[in-house]
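Subject: Structure handover

Hello,

Here is the structure I promised you. Please open it first, then read my notes below.

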Amino acid sequence: MAAAGLCVTAAPFTKAAHVLGAVAAVLVLVWCICFRGGLALEHEDKNLIFNIHPVVTLIGFVILGSEAILIYKVFPTWDHDTAKRTHIILHGIATVLGAFGIYCAFKFHNEKGIANLYSLHSWFGMTTIVLYAIQWVFGFVNFFFPGASPGVRRAALPWHVLLGIFVYVLALVTTELGFLEKLTFLQVFVDLNKYGAEAFLVNITGLVVMLLGASVIVASVTPAHGKERPRDDYAPLPEEF
Ligand code: HEM
Ligand code: HEM
């Protein structure tokens, strides 16, 4: 779905998004493994349980969610059904991993006796995962199975794209709030050097995530080629579905 008047194609932005996603994934892993002691689902050091949270929410939810959105622009020559299936599967995996990442944050809180859902970050996080799941179910029912009539699909598509971008932006904002909150905890409670290597690494990761989001949004509102694919190309649902 391209915005009128933008005289660029999606290709450079999809490439930038892949690179930025890979860089963000490496940075969050380096942070949690090299600076924060690693990841574990069961451990006496409960911080290792927490560490799964930023890794899985960023790589599994945000970066995979980015790739799911980009799919229509990365493979513009794929037939629409294949692109749709890949879009659904990637968003589905992202939703499950996002929920698992949140479960790890709750597990960490519960095992350490810390209160749940007291922060703006956690409120944004719950809102994001719930809206993301709702967006997925509506998308599935409307565009895939059982699928609405072609007229309804056409009318619903701009809303799907708009709300999809909105919930994606919510995920980005939640991520940034999470980085800020964790870094602030470390600076206040364990006296982490405000200008040290770790603080620098986390802030750079936040910047990379912001640039990733910008690239994905520009790619999603610009055409894959010089001109947009016609909007009336919804194939009838295959018999097996
Ligand atoms: C879209 C991605 C994310 C979502 C949906 C999300 C969601 C959540 C939720 C729902 C909680 C509350 C858990 C509870 O109350 O027991 C939480 C806690 C937390 N998250 Fe995230 N999170 C995300 C990314 C991140 C990232 C990247 C960080 C960076 C370190 C982070 C840092 C934290 C911290 C420090 C807590 C514990 C304090 C609190 O409850 O606010 N989060 N997160
Ligand atoms: C939370 C999950 C989802 C999010 C965040 C989301 C988001 C988006 C976004 C941002 C676009 C625009 C991409 C572009 O034009 O480059 C899009 C397109 C689309 N999505 Fe989703 N989507 C989700 C789930 C689904 C599901 C489950 C289906 C079921 C088939 C679906 C079907 C479609 C279709 C048919 C398009 C139009 C592609 C086109 O021809 O331009 N989406 N989605």
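Let me start with a loop. Leu117 sits in the loop between α3 and α4. Its phi is near 50 degrees, a positive value in a residue other than glycine. Keep in mind that this is a predicted model.

Pro146 lies in the loop between α4 and α5. The peptide bond that joins Phe145 and Pro146 is cis, with omega about 0 degrees.

Now the helix packing. α3 and α4 pack at an angle of about 155 degrees, and their axes are 10 Å apart. Angles over 145 degrees count as roughly antiparallel, so α3 is roughly antiparallel to α4. The crossing of α3 past α4 is left-handed. On the α3 side, the contact is made by Lys84, Ile88, His91, Gly92, Thr95, Gly98, Ala99 and Ile102. On the α4 side, Gly125, Ile129, Tyr132, Ala133, Trp136, Phe140 and Phe143 take part. By class, this contact has 9 nonpolar, 5 polar and 1 charged residues.

A second pair is α1 (residues 11-35) and α6 (residues 197-221). These helices also pack at about 155 degrees, with their axes 8 Å apart. α1 and α6 are therefore roughly antiparallel to each other. Their crossing is left-handed. The contact of α1 with α6 divides into 21 nonpolar, 4 polar and 1 charged residues.

On to the ligands. What surrounds ligand 1? The shell holds 27 residues, and the closest are Thr57, Ser119, Ser122, Gly125 and Gly178. Two or more residues each come from α2 (47-74), α3 (80-112), α4 (120-143) and α5 (150-189). The largest share, 7 residues, comes from α5. By class, the shell around ligand 1 has 12 nonpolar, 13 polar and 2 charged residues.

Last, the record. In an unreviewed entry, UniProt lists residues 16-221 as "domain: Cytochrome b561". In the model, that span is 83% helix and 0% strand. Its end C-alpha atoms lie 15 Å apart.

The unreviewed UniProt entry also lists "transmembrane region" for residues 19-40, 52-75, 87-108, 120-145, 157-180 and 200-221. I looked at two of these spans. Residues 19-40 are 77% helix and 0% strand, with the end C-alpha atoms 27 Å apart. Residues 52-75 are 96% helix and 0% strand, and there the end C-alpha atoms are 31 Å apart.

Best wishes

How values were computed. Residues numbered from 1 in each chain as written. Chains lettered and ligands numbered in written order. Predicted model: local features only at pLDDT ≥ 70, side-chain atom pairs only at ≥ 80, totals over all residues. Near = placed C-beta within 6 Å. Helix = DSSP H or I, 4+ residues; strand = E, 2+ residues; numbered from the N terminus. Nonpolar A, V, L, I, M, F, W, Y, C, P; charged D, E, K, R; others polar. UniProt positions renumbered as here; feature names shortened; annotations may be inferred. Axes fitted to C-alpha atoms, helices over the stretch in contact; angles between N-to-C directions. Parallel < 35°, antiparallel > 145°, perpendicular 65-115°, else oblique. Left-handed = near helix turned anticlockwise from the far one by under 90°. Contact = placed C-beta atoms within 7 Å.
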